[in-house]
Amino acid sequence: MNHQDMIILNVGGLKFTTWPSTLQRFPESRLARMLSGNDLECRLVNGQFFVDRDGVLFSYILDFLRTLQLSLPSDFSDYQRLQREADFYELYSVADLLRQENLLKPKPEVLEVQFLLQETQAFFWVFGSCSITIEELAGRITVFAEQLVGATWKNHNGLSHKSLIPLSLERPSHHNLIFQCGTDYSDQFIARYVSIKPDQRKLINGTNVLGLLVDILLKEGFHLLSTRTVSAEEKNQCYCFERMRQPDAFAISMRETQQGTTVSQTKSIQVQKRK
């Protein structure tokens, strides 16, 4: 068989087309051996390889071979059946992962936003149980400072893009971040504006920033669990959000044959959920 020819597989009545190299991604698997005609369970019939197995579940197997990502629907529940299919095709690392279905199921993620309003300034403390989410959020938030000396601020007519200075967010740990906005009247007049991607506006009003932050979190799959007042005197409020977070990437071991020598390698295989 020419290794440049496309392969047609008929799995339980469903037909799939792919390249030989895709089926040979794991050289010791049954699908790789099938191409040489050494597997009676995968027979060549009328120019197509017929496999008497579940075609719907095979679509996940083939997608995995193409991408090295185990991508499952958000409501997927047939972990044991898919594990049996992975065993049948001798993709044992995938089968072992599917046996630990608790690793594949989404887990609750909590995020808290504390909002403190003091006269013309607003302070934000954001804590998240998942450091990756906090890192992503920190990459979307930018604080700009505008500084005017002495009485000059009294004649300040609004935002001047030329004098804006981007500031770094405070990151006390991997799980939280701190930023502020509003105006600070001291020896110098300092105005802090907040921008949160993908919104392009630069907001100075703390209530507006809070509204934008909440709106973005809701669009990212969070839902508001509760609100509470931490301190009524200081106008300190806490908003608690939750969402189901998909599992992170897993690294599994695969064995490849190179010029007759079997070597052990590790490749990152991501487990994702389709919405």
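**View 1. Surroundings of Phe58.** Leaving aside neighbours within four places in sequence, Phe58 is in contact (heavy atoms within 4.5 Å) with Leu9, Val11, Phe16, Leu31 and Tyr89. The model is a predicted one, in which local features need pLDDT of at least 70, side-chain atom pairs count only at pLDDT 80 or more, and totals for chains, interfaces and linings use all residues. Residues are numbered from 1 along each chain as its sequence is written, and side-chain values use heavy atoms, with hydrogens and water left out.

**View 2. The largest nonpolar core.** A nonpolar core is a set of buried Ala, Val, Leu, Ile, Met, Phe, Trp, Tyr and Cys residues joined through side-chain atoms within 4.5 Å, where buried means under 20% relative accessible area (1.4 Å probe, protein chains only). Of the 34 residues in the largest such core, Leu9, Leu23, Leu31, Phe58 and Tyr89 touch the most other members. A second, separate core of 27 residues includes Ala122, Ile216, Phe222 and Tyr239.

**View 3. The buried face of helix 8.** The buried residues of helix 8 are Gly206, Val209, Leu210, Leu212, Leu213, Ile216 and Leu217. Seen down the helix axis, these residues fall within an arc of 165°, taken from the directions from the axis to the C-beta atoms, so they line one face of helix 8. Among the elements that cover them are helix 7 (131–140) and strand 14 (236–245).

**View 4. The two ends of helix 8.** At the N-terminal end, Asn205 caps helix 8 through a side-chain oxygen that lies 2.9 Å from the backbone nitrogen of Thr207. Helix 8 is followed by Gly221, whose phi is positive, near 100°.

Note on methods
Buried < 20%, exposed > 50% of the residue type's maximum accessible area, 1.4 Å probe, protein only. Helix = DSSP H or I, 4+ residues; strand = E, 2+ residues; numbered from the N terminus. Polar contact = N/O pair within 3.5 Å; in protein donor to acceptor, adjacent residues only side chain to side chain.
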